[in-house]
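Dear colleague,

I am handing over the structure that we spoke about, and my notes on it follow directly below. Please read them with the coordinates open beside you.

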Amino acid sequence: MGEGKGNKILVIDDEAVIREGIRQTMCLEGYEVEVAPNGKIGLEKLQKSSFQVVVSDLKMPGMHGIEVLKAIRVLQPDVPVIIITGYATVDSAVEAMKNGAFDYLTKPFLPEQIAEKINSAARQRELELSSLPGEEDNLEDHACDAFVGRSKQMQKVYQRILQVAPTNSTVLITGESGTGKELAARAIHNNSHRKDQPFVAVDCNSLPENLLESELFGHVKGSFTGATQTKPGLFSVANGGTLFLDEISNLSMTTQAKLLRVLQQREVTPIGGTKATSIDIRLIAATNKGLEEMVEAGTFRDDLYFRLNIIPVDLPPLRDRQGDATLLITHFMKKFSEEIGKEIKGLSAEARIALESYHFPGNVRELENIIERAVVLAQGEAIVRDDLELRSADDDIISEIGIPLNTEELKENKRIARERAVEPVEKAFVYAALERNNWNVTKAAEETGMLRPNFQAMLKKLGVSVKNHNTG
């Protein structure tokens with residue numbers, strides 16, 4: 001009793017009497033228990049919370065228990081899964097165990113039997129957690145070379161890429177424009193067993209509906225005006241590899257229905273054709289729009305959304321990736337200096353402050369474009385403020401803090417504005433001192449007449465990282 005106290009378990013079963021029976025039994029054992037009536041809701045819960053143990057029925061309408069099991073192995077690979085089956089066959093148990101189940105139990109069973117299995121799984125989970133090494137610092141080194149970033153947010157992205165890459169699961173990549181959705185898709189492909197097969201990328205926003213369908217599914221000669229010859233679709237071109245559909249929110253309802261059929265049947269029929277061809281592809285989709293809201297509004301099919309969203313990868317905006325902007329600035333300066341053939345050695349203090357004050361609505365892509373332009377425009381060895389061609393941070397302050405509506409708000413907004421005005425001066429002071437002293441904190445503090453602890457405290461307050469500054 002109480003062995004699992006503080007542990008959360010998930011029970012997925014379409015029979016209310018089973019899931020409620022397990023819930024009551026395990027609550028008495030000291031567990032926190034969440035239940036789900038089907039695989040879809042169960043996986044939604046797994047995307048939002050971490051669990052100590054998952055219990056899932058094998059035979060459920062809609063999504064089979066083996067499908068649920070495979071998705072859990074990607075979403076939370078270290079979580080033990082106990083499969084329940086009413087079919088006491090060797091085949092179903094073997095299939096579950098082959099797909100990574102911790103254990104299985106056949107119906108009917110006694111409360112103490114399921115409690116024993118769950119307690120055993122929880123003990124095993126605790127042992128594995130206690131023996132795990134510390135968090136890996138350089139997942140990006142082997143996740144994919146195209147990403148640059150060491151922030152916690154990006155470490156989670158790298159971890160998810162490494163989890164999902166070896167599987168054949170459909171992946172939905174979400175994120176604002178410019179966050180690197182195609183880079184993430186390529187990283188998944190390059191870390192999969194399909195890496196030597198084609199990676200085919202399609203921008204669903206670039207073609208009108210009829211041409212997009214022809215591109216995706218192919219067409220036979222004479223099937224529509226202009227179809228002068230038979231053409232294979234990109235599903236066929238990507239056969240054996242990965243098909244990446246970018247901005248999938250732009251698909252019409254008709255095209256969505258055809259895509260759903262392809263995913264369900266794993267075969268494609270060209271426009272005007274009658275013969276379906278089997279395909280073996282890994283589908284990755286991406287969107288910068290909220291598909292959930294589109295589902296609620298009736299502009300995106302809920303059944304297609306669920307098929308796409310089993311394994312989500314969410315890319316954070318650059319403004320939320322603490323410390324990564326500095327790494328990216330250095331990376332892009334080096335890249336474009338080499339490409340353009342210039343000796344650019346760094347940024348002036350004013351230029352660095354301007355970049356760090358900017359919120360990058362276009363994310364990494366915008367930062368890349370800004371640095372490329374600055375390298376081209378730079379007259380000396382350092383990029384200066386004017387080379388960036390950025391709007392002043394002052395231009396955005398009203399939109400950020402809002403227009404005051406009364407004297408209290410005016411007082412508060414003026415206080416915020418004063419703090420904002422002081423920060424660039426402090427940043428200019430520390431950046432200039434660090435640049436003059438080759439980013440040596442002790443030397444910079446001595447030169448400016450500050451005690452080293454006070455100088456370090458100012459760096460911390462301003463969010464200035466010396467560690468992330470790579471002069472190489």
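What follows goes from the whole chain to single helices, salt bridges and backbone details.

The model is predicted, and for that reason local features were taken only at pLDDT of at least 70 and side-chain atom pairs only at pLDDT 80 or more, whereas totals for chains, interfaces and linings use all residues. Residues are numbered from 1 along each chain as its sequence is written, and side-chain values use heavy atoms, with hydrogens and water left out.

Overall picture

The secondary structure of the protein comes to 21 helices and 16 strands, these being DSSP runs numbered from the N terminus (H or I with at least four residues for helices, E with at least two for strands). Of its 472 residues, 45% count as buried, where buried means under 20% relative accessible area, exposed means over 50%, and partly exposed lies in between (1.4 Å probe, protein chains only). Taking a contact as heavy atoms within 4.5 Å, residues 24 or more positions apart account for 69% of the contacts with a separation of 6 or more. The protein exposes about 24100 Å², and carbon and sulfur atoms supply 49% of that area; accessible areas come from the Shrake-Rupley method with a 1.4 Å probe, and for residues only the protein chains shown count as cover.

Helix α14 and its end

Helix α14 covers residues 324-340; with 17 residues it reaches 24 Å from its first C-alpha to its last, close to the 24 Å expected, the expected span being 1.5 Å times one less than the number of residues. Its buried residues include Leu-327, Leu-328, Ile-329, Phe-332, Met-333 and Phe-336, and the buried residues of α14 pack against α7 (152-164), β15 (346-347), α15 (349-357), α16 (363-377) and β16 (382-383). Ile-340, by contrast, is partly exposed at a relative accessible area of 37%, and together with Val-376 and Leu-377 it forms a nonpolar patch on the surface with about 220 Å² of accessible area. Patches are made here of residues with over 30% relative accessible area and no salt bridge, with like charges joined within 9 Å and nonpolar side chains (Val, Leu, Ile, Met, Phe, Trp, Tyr) within 5 Å. Just after α14, Gly-341 takes a positive phi of about 85°.

Salt bridges

A search of the whole structure finds 19 salt bridges, each defined as a side-chain nitrogen of Lys or Arg within 4 Å of a carboxyl oxygen of Asp or Glu. In one of them Glu-182 pairs with Arg-186, the closest N and O atoms being 3.0 Å apart; these two residues are 4 residues apart in helix α8 (residues 181-190) and so are separated by about one helical turn. Both ends are partly exposed, Glu-182 at 29% and Arg-186 at 36%.

Helix α19 (residues 407-436) holds Glu-412 and Arg-415, which are 3 residues apart and separated by about one helical turn, and their side chains meet in a salt bridge at 2.5 Å, N to O. The side chains of Glu-426 and Lys-461 also meet in a salt bridge, at 2.9 Å; because Glu-426 lies in α19 and Lys-461 in helix α21 (residues 452-462), this pair ties together parts that are 35 residues apart in sequence. Glu-426 is buried, with a relative accessible area of 18%, while Lys-461 is exposed at 57%. Elsewhere, salt bridges that share partners join Lys-8, Glu-34 and Lys-45 into one network.

Asp-103 is found in strand β5 (residues 103-106), and its side chain makes a polar contact of 3.1 Å with the side chain of Lys-117. A polar contact is a pair of N or O atoms within 3.5 Å; within protein, one must be able to donate a hydrogen and the other to accept it, and residues adjacent in sequence count only if both atoms are side-chain atoms. In the loop between β5 and α5 (111-131) lies Pro-108, and the peptide bond from Lys-107 to Pro-108 is cis, with omega near -5°.

Phe-360, with phi near 50°, lies in the loop between α15 and α16 and is buried at 4% relative accessible area. Glu-389, whose phi is near 50°, lies in the loop between α17 (385-388) and α18 (397-401) and counts as exposed at 51%.
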